[in-house]
Amino acid sequence: MFTKRILNRSARSTEPVAHPTTAPLATAADAGLLLIRLTFGLLMAAHGAQKVFGFFGGPGLTATGKGFAALGYHPGKLFAAIGGLSELLGGLGLALGLLTPLAAAALIGVMINAMATVTGAHGLWDADGGVEYSVCIAIVALAVAAIGPGRLAADHFFRWGGGGWKEAAVALGLGGAAAAVTLAL
């Protein structure tokens, strides 16, 4: 009977109509993604600025280049610039939610190189000089590419701004390929 009454309701019903609610500008998930992006992104950008410009008590490009050369990267200064700029620009991109899959790829590539040349021989834990920190950075970058940067991001208006398997594959594929090429040189 109830179904019959709904189906037979006239187009000019005098019953009050519920107004649709408008979507909030941001959800708690969007705010959470922003917090993750800002924290990891800005810390990585600052880490890159230490290498490239000597900001925040960092060694600067010349000293970082010598360190890269000692690790087997030749010319050391060039690879230090590439690594530092990858951290700086990848971190800023992640923080802003701008070109998120590419920003994630930059951070993933640098972290793979760090694990292969610096921390991998020391095991898992960061206290022992291990890969713990690098793994965390790479996984957060990959997760943000997969989930998407949220509504509080520059990418929100682009088709890749929603994240997904394709975006995660681009981030992991480009980051892995860049790391493989760098390690092969």
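Q: Which helices each supply at least two residues of the lining of the largest pocket?
A: In this predicted model, they are α2 (28-53), α3 (60-70), α4, α5 (100-119), α6 (132-147) and α7 (165-184).

Q: Which one gives the most?
A: α5, with eleven residues of that lining.

Q: What volume does the largest pocket have?
A: About 590 Å³. The lining counts 32 residues, and those closest to the pocket centre are G83, E87, V110, N113 and A114.

Q: How does the lining of the largest pocket split by class?
A: There are 17 nonpolar residues, twelve polar and three charged.

Q: Now the second largest pocket. How much space lies in it?
A: About 160 Å³.

Q: Which residues line the second largest pocket?
A: L99, P101, L102, R159, W160, K166, E167 and V170.

Q: What does A81 touch, not counting residues up to four places away in sequence?
A: With those set aside, A81 touches V52 and L61.

Q: How far apart are A81 and T64?
A: In sequence, A81 and T64 are 17 residues apart; in space the C-alpha to C-alpha distance is 8.5 Å.

Note on methods: Residues are numbered from 1 along each chain as its sequence is written. This is a predicted model: local features need pLDDT of at least 70, side-chain atom pairs count only at pLDDT 80 or more; totals for chains, interfaces and linings use all residues. Side-chain values use heavy atoms; hydrogens and water are left out. Contact means heavy atoms within 4.5 Å. On a 1 Å grid over the protein atoms alone, a cavity is a set of points where a 1.4 Å probe fits but cannot get out, and a pocket is an open set with protein on both sides within 12 Å along at least five of seven lines; lining residues have an atom within 4 Å of a point. Grid points are joined across faces, edges and corners, and a volume is the space filled by probe spheres set on the points. Helices (H or I, at least four residues) and strands (E, at least two) are DSSP runs, numbered from the N terminus. Ala, Val, Leu, Ile, Met, Phe, Trp, Tyr, Cys and Pro count as nonpolar, Asp, Glu, Lys and Arg as charged, and the others, Gly among them, as polar.
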